[in-house]
Amino acid sequence: MHPIGIFGGTFDPIHYGHLRTAFELTQALRLSEVRFMPAGNPPHRDITVASPELRLQMVRAAIGQQPGFNVDDREMRRAGPSYSVDTLTELRSEMPQRSLCLIVGMDAFLSLPTWHQWQNILTLSHLIVAHRPGWRAPAKGPLGELLVDHGTGRVDDLHESNSGRIFIHAVTQLEISSTEVRKLIATGRDPRYLMPDAVRDIIQQSGCYLQRA
Ligand code: ATP
């Protein structure tokens, strides 16, 4: 059984930076699937702009029929903040033997020490860090130490154990962020080619980003 990638985010909205990252990691790490998990009520972010229903609809539209890409809406169905540690605990109890790979961008990895029960994350899953434009891997501090203890460059390590390693992978650098996409739309510009057309259609029909970035 190959590892499963878990890709959490607000996806407000989902864009090609997310999709290309998930695709490249699927191939590079030989993942059996990537589960996109839109956060319901993200604990360390400002309130989201598009509603949870709309963000979920956009994620579904974005992945379409892509083999190996799936949506898991459990964080949206759960009341209260979406803590990754709770989601991983649930997944681990459903799949006790499976290698789980939590996918995060470098910016999200750098905020790891602020996550709820962050020290437990690596007891439940591996951590896959997608290199993002403009962000460097930490060499010192708690994350630098974590990388010394848990870092690996071997894909096979992610297959041979089901949790506990950190793997940093350079993905094609696509300088797209949801914040910039929302700003662009709020100022009347067209997000074409930053995301699949099916996502752009939902944004245009709902008008969800016209007011606020
Ligand atoms: P925002 O601009 O509001 O911070 P975002 O574009 O980072 O949003 P999120 O939904 O917060 O989107 O991202 C989910 C995950 O995807 C995070 O781990 C983030 O680091 C990663 N990610 C987002 N954009 C990219 C990108 N262009 N390349 C690689 N990873 C990305």
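Reader: Why is Arg 74 called buried?

Author: In this predicted model, Arg 74 has a relative accessible area of 10%. Buried means under 20%, so Arg 74 is buried.

Reader: What makes the contact between Glu 90 and Arg 74 a salt bridge?

Author: The closest N and O atoms of Glu 90 and Arg 74 are 2.7 Å apart. The cut-off is within 4 Å, for a side-chain nitrogen of Lys or Arg and a carboxyl oxygen of Asp or Glu, so the pair counts as a salt bridge.

Reader: Why is Glu 94 called partly exposed?

Author: The relative accessibility of Glu 94 is 46%. Partly exposed lies between the limits of under 20% for buried and over 50% for exposed, so Glu 94 is partly exposed. The side chain of Glu 94 also meets that of Arg 74 in a salt bridge, at 2.8 Å from N to O.

Reader: Which residues are linked with Arg 74 in a network of salt bridges?

Author: The network links Arg 74 with Glu 33, Arg 35, Asp 72, Arg 78, Glu 90 and Glu 94.

Reader: How do you know that Arg 20 and Glu 24 are separated by about one helical turn?

Author: Both are in helix H1 (residues 16–29), 4 residues apart, which means about one helical turn between them.

Reader: Is Glu 24 buried or exposed?

Author: Glu 24 has 11% relative accessibility. The limit for buried is under 20%, so Glu 24 counts as buried.

How values were computed: Residues numbered from 1 in each chain as written. Predicted model: local features only at pLDDT ≥ 70, side-chain atom pairs only at ≥ 80, totals over all residues. Heavy atoms only, no water. Helix = DSSP H or I, 4+ residues; strand = E, 2+ residues; numbered from the N terminus. Buried < 20%, exposed > 50% of the residue type's maximum accessible area, 1.4 Å probe, protein only.
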